[in-house]
Amino acid sequence: MARSSHPINAPTYLRLRDQIRTDIEDGCWRLGQHLTLHELSQHYNVSNVPVREALLQLQGDGMVDMRMNKGAVVRAVDARFIDEYFDIREALQSMLLARACRLAGEERGAEALARAQGLLMPVEHAAREGMVHELLVADEALQDHLARMGGNVQAMGLQASRGRLLEAFRRARMALWAPELEALPVQDRAMLEAISHGDPDTGGEAVRRHVAASRTYMLRLLKVPELGPRGEGDGSASGAGRDRKGLAGG
């Protein structure tokens, strides 16, 4: 069972929400799949009540669409979803990076920037070696850190749930190298230099180029067929298809 951010005595539906979200990311539940209340209650060994509440929470996050008395459907990822996600991401990241530029002169900003420099190293290494999965994971870790430097929790939350769906979409496909991936470490470094110089305009341009490369790559993956059962080749969890027990005690 995936580790939940909630204590063991938290309501069952909250822990169940976290577990279903993790299982969507891991490929246990496919994008576009219809999930019935009965199927989920059997799978997680809980009653229909926490299942319904968990699905309502996930609908609020944008991960599923509820169906009246029929459970829910996991959101599918298509070209429109990708375009809308990256439109929002560009706007939010530009704003967060501008905030990071203003905070860079403070002591905590300098410490955060030093941490970002360390996170850039695995991005550049993976790009040099052509390691697609490692590159994307390292790049996302750096982007998450830069967003935290911006210090706006609400803005970060707006990206989180749809970003999880996009990650599930990517992990369901073969790790494919493409020319646009070469732009990621270049623009990552440009963002760090912009923050160090307190230059939000140059930083915003680096964000735009980074987002454009990421968008192009994800649109390219739409043409790549899905892999078979998860757990091989991309470092994802091998037990995604097993039943999850132990949720009924909350």
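Modeller: The model is a predicted one. Let me begin with the largest pocket, whose lining divides by class into 13 nonpolar, six polar and nine charged residues.

Colleague: What makes up the lining of the largest pocket, and which residues lie nearest its centre?

Modeller: The lining of the largest pocket consists of 28 residues, and those nearest the centre are Tyr 85, Arg 89, Glu 140, Gly 163 and Arg 164. At least two lining residues come from each of H4, H6, helix H7 (153-171) and helix H9 (200-221), and H7 gives the largest share, with 10 residues. The volume of this pocket is about 780 Å³.

Colleague: How many cavities of 30 Å³ or more are there, and which residues line the largest cavity?

Modeller: The count comes to two cavities of 30 Å³ or more, and the largest cavity has a volume of about 50 Å³. Its lining is formed by Gln 93, Leu 96, Leu 97, Gln 143, Leu 146, Ala 147, Met 191 and Val 207. Helix H4 (79-103) and helix H6 (132-150) each contribute at least two of the residues that line the largest cavity.

Colleague: What classes of residue are found in the lining of the largest cavity?

Modeller: Six residues in the lining of the largest cavity are nonpolar, two are polar and none is charged.

Colleague: How do you know that the span of helix H3 agrees with its number of residues?

Modeller: Helix H3 covers residues 48-60, and at 1.5 Å a residue its 13 residues should span 18 Å; the C-alpha atoms at its ends are 18 Å apart, so the two values agree.

Colleague: Which residues of H3 are buried, and why do you say that they line one face of the helix?

Modeller: Pro 50, Val 51, Ala 54, Leu 55 and Leu 58 are the buried residues of H3. Viewed down the axis of H3, these buried residues fall within an arc of 135 degrees, and therefore they line one face of the helix. They pack against helix H1 (12-26), helix H2 (37-44), strand E2 (64-67) and strand E3 (71-74), whereas the face of H3 turned away from the buried side carries the exposed residues Val 49 and Gly 60.

Colleague: Why is Asn 45 called partly exposed?

Modeller: The relative accessibility of Asn 45 is 46%, and the partly exposed class runs between under 20% for buried and over 50% for exposed, so Asn 45 counts as partly exposed.

Colleague: And why is Val 73 called buried?

Modeller: Val 73, which has its place in strand E3, has a relative accessible area of 16%; buried means under 20%, and Val 73 is therefore buried.

Colleague: Which residues does Val 73 touch, leaving aside those up to four places away in sequence?

Modeller: Val 73 touches Gly 32, Gln 33, His 34, Met 63, Val 64, Asp 65 and Arg 67. Gly 32 and Val 73 are 41 residues apart in sequence, yet their C-alpha atoms are 6.0 Å apart in space.

Notes
Residues numbered from 1 in each chain as written. Predicted model: local features only at pLDDT ≥ 70, side-chain atom pairs only at ≥ 80, totals over all residues. Heavy atoms only, no water. Helix = DSSP H or I, 4+ residues; strand = E, 2+ residues; numbered from the N terminus. Expected span 1.5 Å × (residues − 1). Buried < 20%, exposed > 50% of the residue type's maximum accessible area, 1.4 Å probe, protein only. Arc of directions from axis to C-beta. Contact = heavy atoms within 4.5 Å. 1 Å grid on protein atoms, 1.4 Å probe; cavity = no way out; pocket = protein on both sides within 12 Å on 5 of 7 lines; lining within 4 Å. Points joined across faces, edges and corners; volume = space filled by probe spheres on them. Nonpolar A, V, L, I, M, F, W, Y, C, P; charged D, E, K, R; others polar.
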